[in-house]
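Subject: Handing over a structure, with notes on what was found

Dear colleague,

I am passing on the structure below, and I would ask you to keep it open beside these notes while you read.

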Amino acid sequence: MNNLRKLLPVLLLAFVAFAASSCKKDKIEVSQHNLWFGADGGSQTIEVTATYGWRIQENSDFDWFTVTPTSSDENHSTITINVEPLDAAAEGYRNGHISILSPKGGAQIVVLISQGEVEFSSIYNLVFGVTKEEQWNTDYFGLMIEDSYKCFEFDPYDTTTGFWMYFFEDSTGVQVDRYRFDTTEYFRFYYTYDIATRKLEYSFQLEDGTIEYYNPTIITATPDLFRFEHEYKPNYWERSDMKKIGTIDPAKKAALLNRAVKKRKEAGPVFPIK
């Protein structure tokens, strides 16, 4: 009986430890959500943190890169992506992805893999609409994000909501907002693009006379999809994927620019980097 009494605390602690471990949330995190390779290809690594290990979902659509290993039981491990050289003459740019899943599929992370030059000129005189916007987290670096910066999902073909971006060939553009207070607002912006660094810089003028600057990294710039890295959350996509919804009518360019005389009221959320 005395031995049993001595064992009871040990058994209780073992039970609590087992219960705690069985309640851990199935979760996967990666050090990068996108990888870009030059035309020569090469290798890059991603650090993976997973509650119960992970596995790569099989996908035969992308035969120009390999992933090793394809699974792990470790909580912390490394994935290596090897990309083959790109025939720039035949194909100037290509992109794919890998899906990293927990063993039972309860958690999933997608990593985009792209290769080759991103020719921003391919989106000149095209209009893009939002296909998806993420709902922002409630904090960034421990600071609260105001509700006015939270985003929702839009259909680019629904002309009653969302926002569109028109990119003209002379470094000017117009953003059309159709989701604030059931009104339509037109804002002019100016942009430049550095193909060597894949940096897009664009700016809006605010009502108080100051200039609001953005300089995200371009991930994809094709006639079908315009995607750039998140301005405030590194290694995530920008709030939106922009899908081509039409070609700009030259006759309407002046009308769009004339409407875009209104200045933006506020800048985006700016947070100190800790």
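Strands β2 and β9 pair in the parallel sense over four bridges, where two strands pair if DSSP finds at least two bridges between them, and Phe37 stands opposite Gln115 of β9. Helices and strands are here DSSP runs, numbered from the N terminus, with at least four residues (H or I) for a helix and at least two (E) for a strand.

Before going further, please note that this is a predicted model, in which local features need pLDDT of at least 70 and side-chain atom pairs count only at pLDDT 80 or more, while totals for chains, interfaces and linings use all residues. Residues are numbered from 1 along each chain as its sequence is written, and side-chain values use heavy atoms, with hydrogens and water left out.

The sheet around β9

On its other pairing, β9 is joined to β8 by nine bridges, and these two strands run antiparallel; the bridge partner of His97 in β9 is Leu112. Strands β8 and β9 form a hairpin with six residues between them, and Gly105 in the turn has a positive phi of about 80°. Strand β4 (residues 54-56) in turn pairs with β8 (residues 93-101) in the antiparallel sense over two bridges, with Ile56 opposite Ile100 in β8. Taken together, these strands belong to an open sheet of five strands with mixed pairing, in the order β2-β9-β8-β4-β6. Its edge strands are β2 (34-37) and β6 (71-72), each of which pairs on one side only. As background, strands of a sheet pair through backbone hydrogen bonds, either parallel or antiparallel.

Strand β9 is mostly covered, with seven of its nine residues buried, where buried means under 20% relative accessible area, exposed over 50% and partly exposed in between (1.4 Å probe, protein chains only). Ser114, which lies in β9 (residues 108-116), counts as buried at 1% relative accessibility. Leaving aside residues up to four places away in sequence, Ser114 touches Leu35, Trp36, Phe37, Tyr93, Arg94, Asn95 and Ile219, a contact being heavy atoms within 4.5 Å.

A second hairpin and its aromatic rings

Strands β15 (residues 183-194) and β16 (residues 199-205) pair in the antiparallel sense over five bridges, and Tyr202 in β16 is the bridge partner of Tyr191. These two strands form a hairpin with four residues between them, and Arg198 in the turn has a positive phi of about 60°.

Tyr191 and Tyr202 are also members of one aromatic cluster, which includes Phe120, Phe189, Phe204 and Phe228 among others. Rings of Phe, Tyr and Trp (its six-membered ring) pair if their centres lie within 6.5 Å; planes under 30 degrees apart count as stacked, over 60 as edge-to-face and the rest as tilted. By this rule the count comes to 20 aromatic pairs. In one of them, the rings of Phe189 and Tyr191 have centres 6.2 Å apart and planes at 45°, so the pair is tilted. Both residues are covered: Phe189 is buried with a relative accessible area of 0%, and Tyr191 is buried with 4%.

The charged end of Arg264 sits over the ring of Phe204, 4.0 Å from its centre, and likewise over the ring of Phe187, 5.7 Å from its centre. For this description, NZ of Lys or CZ of Arg must be within 6 Å of the ring centre and within 35 degrees of the ring normal.

The C-alpha atoms of Tyr213 and Tyr190, 23 residues apart along the chain, are separated by 9.6 Å.

Helix α2 and the whole chain

In helix α2 (residues 250-259), the buried residues are Lys253, Leu256 and Leu257. They cover an arc of only 95° around the axis, which puts them on the same side of α2; the arc is that of the directions from the helix axis to the C-beta atoms. On the other side of α2, Ala251, Lys252, Asn258 and Arg259 are exposed.

For the protein chain as a whole, the secondary structure comes to two helices and 20 strands, and buried residues make up 41% of its 274 residues.

With best wishes
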